[in-house]
Amino acid sequence: MGRVENKVAIVTGAASGLGFAAAQKLMSEGAKVMLSDINQEIMETMPERLSNFSNTQFSTYTHDVTKEDDWIDIIDKTEQEFGKINILVNSAGISLGSDIVSTDFEIWKKVHEVNLDSVFLGCKYAIPKLNDAGSGSIINISSIASSLKGLPNRFVYGASKAAIIGLTKSIAAD
């Protein structure tokens, strides 16, 4: 309890799934959270969905994680609203495609753009702000489908999530 009290987090993919769960956990531990997702309709319902966290500061941002300008904007908005950034949770992700023969190259590129390129962009723009704050944490969500276990008709997803592991290890080494 209290490990993230008064810390400021950005959580992508916060409208549902792991992103929503991560945001709720951070808020329950006292973090101020910028909730990010591309789904504007669901983001507009967040105050109601998170009404049990009325004592916690949070804000929402409709964010296309594949757009560099959106990353610059959410970093700036988070700093303006909360004064700093301590935590980034890269949770946004999609799973499209089927078997390798049936999957179009456009689907391959779209999944990697959302699942992997977004992690690159988030880290690129958040790390200087974490350094300014004196310390911080980045949580890049991968999957068992990455290198531990292949899943049927999910090779694109698995490849993108495996790449996140390599990217994260290399960033940590830097």
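**From words to cut-offs**

Analyst: Let's start with the second largest pocket: the largest share of its lining, 3 residues, comes from α1. Keep in mind that this is a predicted model, where local features need pLDDT of at least 70 and side-chain atom pairs pLDDT 80 or more, while totals for chains, interfaces and linings use all residues. Residues are numbered from 1 along each chain as its sequence is written, and side-chain values use heavy atoms, leaving out hydrogens and water.

User: What makes a residue part of the lining of a pocket?

Analyst: It needs an atom within 4 Å of a pocket point; the pocket itself is an open set of points on a 1 Å grid over the protein atoms alone, where a 1.4 Å probe fits, with protein on both sides within 12 Å along at least five of seven lines. For the second largest pocket, 13 residues line it, and V4, L26, I87, S137 and I139 lie nearest its centre. Two or more lining residues come from each of α1, β4 (87-90) and β5 (137-140). The volume, about 220 Å³, is the space filled by probe spheres set on the points, which are joined across faces, edges and corners.

User: How do you know which residues of that lining count as nonpolar, polar or charged?

Analyst: By residue type: Ala, Val, Leu, Ile, Met, Phe, Trp, Tyr, Cys and Pro are nonpolar, Asp, Glu, Lys and Arg are charged, and the others, Gly among them, are polar. The second largest pocket then gets 6 nonpolar, 4 polar and 3 charged. The largest pocket, at about 260 Å³, has 6 nonpolar, 8 polar and 3 charged in its lining.

User: Why is N86 called buried?

Analyst: Buried means under 20% relative accessible area, exposed means over 50%, and partly exposed is in between (1.4 Å probe, protein chains only). N86 has 4%, so it counts as buried. N86 sits in the loop between α4 (68-82) and β4.

User: And what about T56 and F155, buried or partly exposed?

Analyst: T56 comes out at 12%, so it's buried. F155 has 27%, so it's partly exposed.

User: What makes N86 touch other residues?

Analyst: Contact means heavy atoms within 4.5 Å. Leaving out residues up to four places away in sequence, N86 touches N6, K7, V8, L130, A133, S135, G136 and S137.

User: How do you know what counts as a polar contact?

Analyst: It's a pair of N or O atoms within 3.5 Å; within protein, one must be able to donate a hydrogen and the other to accept it, and residues adjacent in sequence count only if both atoms are side-chain atoms. The T56 side chain reaches the backbone oxygen of M27 at 3.5 Å.

User: Why is F155 said to be in a helix?

Analyst: Helices are DSSP runs of H or I with at least four residues, strands are runs of E with at least two, and both are numbered from the N terminus. F155 lies in α6, residues 155-173.

User: What makes strands β2 and β3 a pair?

Analyst: Two strands pair if DSSP finds at least two bridges between them. Here 5 bridges join β2 (residues 32-37) to β3, and the strands run parallel. One of the partners of D37 to look up is T62 in β3.
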